Amino acid sequence: MRGKEVVVKRIITLNVNGEEFEFLTEVHRTLLEVLREDLGLTGTKRGCDLGTCGACTVLIEGKPYLSCLTLAADVQGKKIVTIEGLAQDGEPHPLQKAFVQKGAIQCGFCTPGMILMAKAFLDENPNPSEEEVKQAISGNICRCTGYTKIVEAILSLTHK
Ligand code: FES
Ligand code: FES
């Protein structure tokens with residue numbers, strides 16, 4: 001006879017988009033699962049769930065992380081930003097506007113992760129070359145656009 005599976009739960013507190021959330025959850029759950037299923041922040045996308053597509057990218061303390069490979073319990077006390085938290089005073093972030101204006105969005109599935117990756121990159125490197133932009137987003141897969149318009153949108157915000 002198989003033993004009963006023990007599910008360990010713990011109260012977790014996360015700071016997401018400037019708000020504190022406290023909830024009871026299983027300790028093995030990923031940040032991606034918690035964001036989408038517990039907090040209802042479905043802007044963060046689940047693509048591969050294996051760390052290879054970049055669709056689940058969020059910012060943690062301003063750096064890009066794959067939320068499908070990050071345990072929610074491990075990022076307590078850190079500032080997490082999802083695509084829902086990027087707008088300021090009801091205005092879309094300049095990267096969001098640039099993606100729309102340059103036609104860098106088709107199905108939109110890759111867009112939240114792509115924009116957050118681009119934000120972290122431009123915060124570190126406001127004057128990148130085209131090659132550097134391509135390199136920066138190389139871990140974010142887009143099946144629709146062919147990347148050209150995405151690169152154009154990101155470059156349109158550089159200070160050259
Ligand atoms: S869903 Fe996380 S990298 Fe693909
Ligand atoms: S716009 Fe469809 S995957 Fe990028």
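Ala, Val, Leu, Ile, Met, Phe, Trp, Tyr, Cys and Pro count here as nonpolar, Asp, Glu, Lys and Arg as charged, and the others, Gly among them, as polar. The model is predicted, so that local features need pLDDT of at least 70 and side-chain atom pairs count only at pLDDT 80 or more, whereas totals for chains, interfaces and linings use all residues. Residues are numbered from 1 along each chain as its sequence is written, chains are lettered from A and ligands numbered from 1 in the order in which they are written, and side-chain values use heavy atoms, with hydrogens and water left out.

View 1. A search of the whole structure finds 1 cavity of 30 Å³ or more (on a 1 Å grid over the protein atoms alone, a set of points where a 1.4 Å probe fits but cannot get out, with lining residues having an atom within 4 Å of a point).

**View 2. The largest pocket.** A pocket is an open set of grid points with protein on both sides within 12 Å along at least five of seven lines, and the largest one holds about 150 Å³ of space. Cys53, Ala55, Cys107, Phe109, Cys110, Ile141, Cys142, Arg143 and Cys144 line this pocket, a set that divides into 8 nonpolar, no polar and 1 charged.

**View 3. The open sheet.** Strands (DSSP runs of E, at least two residues, numbered from the N terminus) pair if DSSP finds at least two bridges between them, and 5 of them form an open sheet of mixed pairing in the order E2-E1-E5-E3-E4. Strand E2 (19–26) and strand E4 (63–66) are the edge strands, each pairing on one side only. E3 (residues 57–60) and E5 (residues 79–81) are antiparallel over 2 bridges, with Val81 in E5 as the bridge partner of Leu59.

**View 4. The two domains.** An automatic or database domain assignment divides the protein chain into domain 1 (9–85) and domain 2 (94–155), whose C-alpha centres lie 21 Å apart. The contact between them (heavy atoms within 4.5 Å) takes 17 residues from domain 1 and 13 residues from domain 2.

Key
Helices (H or I, at least four residues) and strands (E, at least two) are DSSP runs, numbered from the N terminus. Grid points are joined across faces, edges and corners, and a volume is the space filled by probe spheres set on the points.
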